[in-house]
Amino acid sequence: MRCQLKWYNIICRKSPTLDEYRIHNAVVASMNEMFNMQSVKQLVEESITEALADEAPQMSIPMIESQLRRLQERQQELFRLAFDAGAECTDYDEEIQQVNLEKTRLLQQKAELEHFGATAQEFDQRLSQITEVLTEASGAITDFDDVSVRQLVSNIKVIDKERLMIRFKDGSEIEQTLP
């Protein structure tokens with residue numbers, strides 16, 4: 001035992017002595033900071049994902065319906081021309097196919113817009129949820145809990161007598177000033 005104390009005195013002679021209460025407060029503060037960062041990060045990622053999903057340029061439903069009517073008229077005109085030209089005529093096949101593809105695309109876009117109109121209420125609800133989570137994220141852990149710390153914290157490194165580096169098991173690190 002005496003040998004171990006001698007070794008400790010040689011290596012740790014300049015190490016600061018820290019009050020356990022201050023360490024606990026620093027760990028609680030860093031856990032709160034980590035939870036807030038993760039909540040905000042997750043919300044930002046979700047918002048960006050949703051924004052990018054809705055980024056495609058879209059027209060209004062009346063504009064789409066107008067284009068669909070014009071395409072329908074053009075399709076009927078092409079059918080008449082193809083019928084008049086006879087069964088062996090393939091001159092209009094490619095344009096008929098292009099008109100059909102454009103109609104399909106516009107019908108899908110119209111369905112998306114109609115769905116978007118139906119989900120406007122869902123958007124408002126999602127915005128309320130984000131606001132609520134941000135409000136709750138400011139609710140802080142107030143007491144040191146040894147079990148939670150053991151589950152979340154990988155290690156604590158003393159930088160100096162006023163600062164700690166707290167490393168969490170997910171790999172993130174937070175430098176925390178002792179209160």
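1. V153 sits in strand β1, which covers residues 153–160. This is a predicted model, and the points below should be read as such. With 8% relative accessibility, V153 is buried, because the cut-off for that label is under 20%. Leaving out residues up to four places away in sequence, V153 touches V27, I166, R167, F168 and K169.

2. Now the overall layout. The protein has six helices and three strands. Read from the N terminus, the order is α-α-α-α-α-α-β-β-β. Of its 179 residues, 20% are buried. Take the contacts between residues at least 6 apart in sequence: 63% of them join residues at least 24 apart.

3. Next, the sheet. Its three strands are arranged as β1-β2-β3; the sheet is open and the pairing antiparallel. β1 and β3 (173–177) are the edge strands, each with a single partner, so one side of each has no neighbour in the sheet. Direction ignored, neighbouring strands are turned by 20° against each other on average. As background, strands of a sheet pair through backbone hydrogen bonds, in either a parallel or an antiparallel sense.

4. The pairing of β1 with β2 comes first. Six bridges join these antiparallel strands. N155 has R167 in β2 as its bridge partner. A hairpin of two residues links β1 to β2.

5. β2 also pairs with β3. Here five bridges hold the antiparallel pair. M165 stands opposite E175 in β3. Four residues lie between β2 and β3 in their hairpin. In that turn, G171 has a positive phi of about 95°.

6. Which residues make up the largest nonpolar core? There are twelve: L18, A26, V27, M31, M34, V149, V153, L164, I166, F168, I174 and L178. Two elements, α2 (20–53) and β2 (163–168), each give two or more residues to this core. The largest share is from α2, with four residues. Apart from this core there is another, of eight residues, including I64, L68, V99 and L106. In general, nonpolar side chains of soluble globular proteins tend to be buried together.

7. L178 belongs to the largest core. What does L178 contact, leaving aside neighbours within four places in sequence? The partners are L18, R22, I23, A26, K161, E162, R163 and L164. Among them, L18, A26 and L164 are also members of that core. The list also holds charged residues, including R22, K161, E162 and R163.

8. K103 is buried yet has no salt bridge. How far away is the nearest side chain of opposite charge? That side chain is E73, at 12 Å. Beyond its neighbours within four places in sequence, K103 is in contact with L68, L71, Q72 and Q75. L68 is also one of the residues of the eight-residue core.

Conventions. Residues numbered from 1 in each chain as written. Predicted model: local features only at pLDDT ≥ 70, side-chain atom pairs only at ≥ 80, totals over all residues. Heavy atoms only, no water. Core = buried A, V, L, I, M, F, W, Y, C linked by side-chain atoms within 4.5 Å. Buried < 20%, exposed > 50% of the residue type's maximum accessible area, 1.4 Å probe, protein only. Contact = heavy atoms within 4.5 Å. Pairing = 2+ DSSP bridges. Axes fitted to C-alpha atoms, helices over the stretch in contact; angles between N-to-C directions. Salt bridge = Lys/Arg side-chain N within 4 Å of Asp/Glu carboxyl O.
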